[in-house]
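Let us take a walk through a protein model together, one stop at a time. Keep the picture open beside you and look for each residue as we reach it.

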Amino acid sequence: MTDKNPRVEEVDEKDVEVKDHPKKWAAGIPGVYHSMKPAIEHMGLERSRKTLLALNQKDGFDCMSCAWPDPDHRKTFEFCENGAKAVTWEATPVVIGSEFWAEHSVSELRGQTEYWLGMQGRLTEPVYKPAGEDHYRPVSWDEAITILADNLKGLDSPDEAAFYTSGRTSNEAAFLYQLFVRAYGTNNLPDCSNMCHESSGWAMGQTIGVGKASITYADFAKADLIIVMGQNPGTNHPRMLTALEEAKEAGAEIVAINPLPEAGLMRYKNPQKVKGIIGRGTELADQFLQIRIGGDMALLQAISKRVLDAEAKNPGTVLDHDFLQKHCQGLEELKEHLSTLDENVVLKATGLRSEEIDELAARYMKADKVIITWAMGLTQQKKAVATIKEIINLLLLRGNIGKPGAGASPIRGHSNVQGDRTMGVWEQMPPAFLDALGKEFSFEPPREHGADSVETIRRMRDGGIKVFVAVGGNLVAAISDTNAAEAAMENTEMTVQVSTKLNRSHTVTGKEALILPTLGRTEIDLQESGEQFVSVEDTVCAIHASYGAVEPVAPQLLSEVAIISRLAAKVVGDRIQADWAGFERNYDLIRDHISHVVVGFDDYNRRIRQRDGFLLPHGPRDSRTFNTPTGKAMITVNELEYLERPDKTLILQSMRSHDQFNTTIYGHNDRYRGIKKGRHVVFVSPEDLAELGLSDGQYVDVHGVYTDGVDRVLRNFRLVSYPTARGCAAAYYPEANVLVPLESVAEGSHTPVSKGVIVRMESAAERAG
């Protein structure tokens, strides 16, 4: 390995290049090129071979870049461009040497970009920033763990600490982490789910009793119709394009609903097929509805009304009456509610024409098996929970839950974000889980609900949370209201980050700070009992093993399991019946306990060693049984509310570029949208630019429009004329997070409202002048 960091070429945002037209297809030979070039440049040929050929293989490691499920018959190159970039980012042999910490103060590091920080290389040794100092310094593992343990034991209450996790944490580490936290005495377990699919979990849990997808991977190829809402698979989960291509080849229709025309929703050039290399590839979307931001709820209600109206005209021919009678409740209330739906309001809310909605409704009624799949374009709206309930309503009307080729499919974007929740990483786990956990380890877990991510920031701001511990992730960059979040983090006594590489959260610290380096998913995990593996849960409830493929970049790195075990031994010790040292030696011991506590994990150690892993039970999917208070799926009534914008304003959404994974920035290009050498851009339709008296290429200040008296602003962002929905705009995440107030959250789920920010734009030149 090397401790020589590469020269980092930052970009001047004034040099941003914009192509005239965004791309209309995804992947193809460019996808292969942009996967392999950085891998070979940064890892070398041999390390690239070992990692990329083990990615998503049955005897290899699970990709850390998304939770997309693996097909039964995997190809040698079962990875996508983003997966290859994620592996390259983590498995780089470049490391940060000890001298780095003396050369760079925390204040200096804070002035660097996310891209620069990540490009410095892998973290290899624990470092500590004492109170009153501006430099981290290397410390031993025992010293680092003792410093953290003493701080936790010195708090007046366990509730003065919060314990965050990223979705890249394995099942074993997540289970051990929540056990330690609850044995310590708190339910303050915020996680990245709070900011992404929390709305899906709330809506689906309340309607069908399970907050997870009701389909398997194989269902895509069996569907007659797939409706893709609020997501961009070409960038965020490219392997989904193969499943959509398989569905099209099997005869399915696909409808894309999104404010922006995304290349991956239009045409796919599969680089593993001849037609994807020298031909046009596969046309995906049969219909594209360019919806206004926040209009999804109105659209879904309008389709359901058309379905109900068609049934009224031809009784017994449209609805699945047998399914509705046996398995559902609330149909009559929905009929009454939608009977007064105002079409004019629907058209204003959606920005669509009635003919477009009619066409989609006809497709839905023609199809026997329908999948509706969505991502954060829906979950981060104010009415996100109600909108997803409307998806369930529409599916239930024609029995599209619990049969092959049909169902609800939230697409989660972190490798094990769903598994973390299954393992108990949630601030409000149900009593049955806590009862089982307490029985297994002979203690009484705390019962009061803890703090989620937004509430954690609030309590840090107000002095209620004094120690913040994160296993993975980059909360200060990922959460809304960036300035408020950073001030809150600085108000703590101590911040601790368990990480593989540097990010913004290492530079915005409490009075004291620790960075604890850890093994990556790609690396071999050798413990006292031998080589270990971990397990993950994908977005369709499949559990499978993940084995590291390459030697660790440094011999002193500890696994997440080892770090948590050692911390728990110092803080909790023998207060509960847990073999902390044994857990570090042999992860089978952790899985044995999981099998006793978590429903569906019986005989875990044997089943996880099966070549294909196993599928968790799912009542709605498997047997049309619903764990709701009535035992039936709940058809719900939701009051329509859509986002209105004042004059001279636009509705802005945040989104990823093609060259990033969550807050990790791989580069400054977004080739599908035609952006090169920059991220400080705002996408606006040419019609809206003309209406606002603005022009393509002009630099503006983007102000959030709120009534709390705080001026949240992005300064000097370049306007890009782009085919967005009228009245709408888009900017990159996490830069745009500064515009979202901490108090602006989805009803019910508490997810930050990043899709629905009212903004006004002012000329940057006029301000400067």
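Predicted model: local features only at pLDDT ≥ 70, side-chain atom pairs only at ≥ 80, totals over all residues.

Leu260 sits in the loop that joins β7 (253-257) to α12 (263-266). Is Leu260 buried or exposed? Its relative accessible area is 2%, and because buried means under 20%, Leu260 counts as buried. For a sense of distance, compare Leu260 with Gly118: 142 residues separate them in sequence, and their C-alpha atoms are 29 Å apart in space.

You can find Gly121 in the loop between α6 (114-118) and β3 (127-129). Now look for Val94, which is 27 residues away from Gly121 along the chain. The C-alpha atoms of Gly121 and Val94 are separated by 4.8 Å.

Next, move to helix α7, which runs over residues 141-153 and so has 13 residues. From its first C-alpha to its last, α7 reaches 18 Å, close to the 18 Å expected at 1.5 Å a residue. Which residues of α7 are buried? They are Trp141, Ala144, Ile145, Ile147, Leu148, Ala149, Asn151 and Leu152.

Leu152 leads us to the inside of the model. In soluble globular proteins, nonpolar side chains tend to be buried together. Here the largest nonpolar core has 68 residues, and those touching the most other members are Leu152, Phe163, Phe180 and Trp580. Helix α8 (residues 171-184) gives this core its largest share, 10 residues. There is also another core, apart from that one, with 50 residues that include Ile291, Leu331, Leu394 and Leu396. What does Leu152 touch, leaving aside neighbours within four places in sequence? Its contacts are Ala161, Phe163, Phe180, Tyr184, Val467, Leu567 and Val571.

Now look at how two helices meet. Helix α14 (residues 296-313) packs against helix α16 (residues 331-338) at an angle of about 105 degrees, and their axes lie 10 Å apart. Angles of 65 to 115 degrees count as roughly perpendicular, so α14 and α16 are roughly perpendicular to each other. On the α14 side, the residues that meet the partner are Gln301, Ser304, Lys305 and Leu308, while α16 brings Leu331, Leu334, Lys335, His337 and Leu338. Sorted by type, the residues of this contact are 4 nonpolar, 3 polar and 2 charged.

Our last stops are about the backbone. Between Tyr733 and Pro734 the peptide bond is cis, with omega near 5 degrees. Pro734 belongs to the loop between β30 (728-732) and β31 (755-763), and His750 is also placed in the loop between β30 and β31. His750 has a relative accessible area of 21%, which makes it partly exposed.

Lys677 has a positive phi as well, near 65 degrees, and it too is a residue other than glycine. Look for Lys677 in the loop between β26 (675-676) and β27 (681-684). With 35% relative accessibility, Lys677 is partly exposed.

How values were computed
Residues numbered from 1 in each chain as written. Heavy atoms only, no water. Helix = DSSP H or I, 4+ residues; strand = E, 2+ residues; numbered from the N terminus. Expected span 1.5 Å × (residues − 1). Buried < 20%, exposed > 50% of the residue type's maximum accessible area, 1.4 Å probe, protein only. Axes fitted to C-alpha atoms, helices over the stretch in contact; angles between N-to-C directions. Parallel < 35°, antiparallel > 145°, perpendicular 65-115°, else oblique. Contact = heavy atoms within 4.5 Å. Nonpolar A, V, L, I, M, F, W, Y, C, P; charged D, E, K, R; others polar. Core = buried A, V, L, I, M, F, W, Y, C linked by side-chain atoms within 4.5 Å.
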